[in-house]
Amino acid sequence: MAGIYIHIPYCKKLCSYCDFYHIISDNDHSLFLDALKKEIEIRQDYLNRETVSTIYFGGGTPSVLSIKEIEFILDILRKNFIIESENEITIEVNPDDIRDNYFRELKNLGINRISLGVQSWRDEDLRFLNRRHTSEQSADALASAFAAGFENVSIDLIYGIPGMTTEHLASNLIRTFSYDIKHLSAYHLTIEPDTVFGKMKQKNRLNETDEEESVAEFNLLIEKTEEAGFVHYEISNFSKPGYISLHNTNYWRQVSYLGLGPSAHSFNGYSRQWNVRNLKKYANSLKGNKTFFEKEELDLKTKFNEYILTSLRTMWGIDLQYVEKAFEKEGYDYVINLAGKFINYGLMEQKENALTLTNQGKMISDNIISEFIMPVQKD
Ligand code: SF4
């Protein structure tokens with residue numbers, strides 16, 4: 001079962017932490033939609049005619065598109081791919097994009113999962129992040145999604161925001177769990193160099209959250225999500241039982257996926273490719289039948305590294321049987337030897353054939369994962 005990701009490159013305003021490819025939107029999306037149609041048609045064999053079980057509209061901001069534009073994209077996908085009837089179709093929505101009947105109409109198109117970019121229930125955090133919505137708009141959007149009959153609703157939250165305390169995060173979580181959401185993605189704010197915050201950091205104008213506070217907030221997140229009945233199935237993702245994000249889980253479990261639109265990544269088990277991160281270049285290349293992506297064939301070490309990088313972040317962890325089969329004795333011995341050290345420190349644990357991070361290990365997951373990464377020599 002494969003997945004399809006569509007990158008909608010438009011946003012109405014620049015968030016200060018944003019490192020995703022986007023351009024500030026006008027109302028004319030025809031350049032993108034024409035190019036996307038062509039990309040879908042020429043890449044209809046990328047997934048080897050595998051049945052598509054998940055579709056994900058991400059961005060950018062998919063909810064800047066009209067219902068007609070989303071319908072247009074789904075129609076072309078349905079014409080060019082075999083889409084499973086019991087599928088998961090997710091759309092990321094910004095709370096202030098909700099207009100009359102928007103959720104009902106999304107539901108009528110077959111979309112069955114909403115990912116709402118709440119980020120924080122504190123308006124001072126939203127202003128600091130330069131988000132364009134308020135907490136009141138988030139509450140209205142949630143009410144509207146539930147009223148339209150959406151059952152599978154996810155919320156995005158950001159913690160580790162400068163000025164945020166564990167008390168603030170605790171009240172954010174209490175408010176979050178007062179709604180019947182089925183999924184929560186909670187990310188620590190990261191400061192990337194090419195962002196507004198990155199530039200403020202370079203000029204020493206940003207007081208980042210210190211490590212002690214970050215650890216305290218992450219601990220609180222783990223504790224409160226568990227109390228609320230959520231399963232911590234990936235470092236930043238929590239779900240009610242039976243509601244993990246199938247689309248994202250496929251990424252972490254090496255399932256093939258096709259990424260469409262500027263900057264989107266694709267993976268088919270053998271190679272990884274990524275589309276040009278520029279809408280005009282993307283559209284012009286497709287129009288002129290020129291290459292619009294870069295591609296990397298994956299050697300065994302790169303596949304190993306990708307497997308470690310993704311699996312160790314999840315509750316399923318490293319599957320030792322899979323490692324032995326896919327990476328032979330050398331890969332297996334390498335993992336066992338390294339894991340022994342982390343198990344002794346209480347950072348990892350082994351249950352039958354799975355090696356996973358303990359809660360303590362999750363705090364320093366990036367450091368642990370980097371120790372497993374094998375050096376790869378590139379030509
Ligand atoms: S809405 Fe999302 S993609 Fe757009 S600027 Fe904000 S964080 Fe970036």
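These are my notebook entries on a predicted model of a protein.

**Ground rules.** I number residues from 1 along each chain as its sequence is written. Since the model is predicted, local features need pLDDT of at least 70 and side-chain atom pairs count only at pLDDT 80 or more, while totals for chains, interfaces and linings use all residues.

**Whole protein.** I looked up the secondary structure and found 14 helices and 17 strands. Helices (H or I, at least four residues) and strands (E, at least two) are DSSP runs, numbered from the N terminus. The radius of gyration is 21 Å, close to the 21 Å that the globule rule gives for 379 residues, so the protein is as compact as a globular protein of that length. That radius is taken over C-alpha atoms, and the rule is 2.2 Å times the number of residues to the power 0.38. Along the principal axes, the C-alpha atoms fill a box of roughly 55 × 50 × 45 Å.

**Burial and cores.** I found that 36% of the 379 residues count as buried. A residue is buried if 20 or more other C-beta atoms lie within 10 Å of its own, exposed if 12 or fewer, and partly exposed in between, with C-beta atoms placed from the backbone. The largest nonpolar core has 68 residues, and Ile4, Leu116, Ala145, Tyr159 and Leu260 have the most contacts inside it. Such a core is a set of buried Ala, Val, Leu, Ile, Met, Phe, Trp, Tyr and Cys residues joined through C-beta atoms within 7 Å. Two residues are in contact if their C-beta atoms, placed from the backbone, lie within 7 Å.

**Helix α1.** This helix covers residues 30-42 and reaches 18 Å from its first C-alpha to its last, close to the 18 Å expected at 1.5 Å a residue. The expected span is 1.5 Å times one less than the number of residues. I list Phe32, Ala35, Leu36, Glu39 and Ile40 as its buried residues. They cover an arc of only 140° around the axis, which puts them on the same side of α1. The arc is that of the directions from the helix axis to the C-beta atoms. An α-helix has 3.6 residues a turn, so residues three or four places apart point the same way. Ser30 and Glu41 are exposed on the other side of α1.

**Helix α6.** Here I found Leu169, Asn172, Leu173 and Thr176 buried. They cover an arc of only 95° around the axis, which puts them on the same side of α6. Those buried residues pack against β7 (152-159), β8 (183-188) and α8 (211-227). The face turned away carries the exposed residues Glu167 and Ile174.

**Strands.** I noted an open sheet of three strands in the order β15-β17-β16, with antiparallel pairing. Its edge strands, β15 (318-319) and β16 (348-351), each pair on one side only. Two strands pair if DSSP finds at least two bridges between them. Elsewhere, β9 and β10 form a hairpin with two residues between them.

**A loop residue.** Where is Asn289 placed? Asn289 sits in the loop between α10 (279-287) and β14 (293-297). Asn289 is exposed, with 9 other C-beta atoms within 10 Å.
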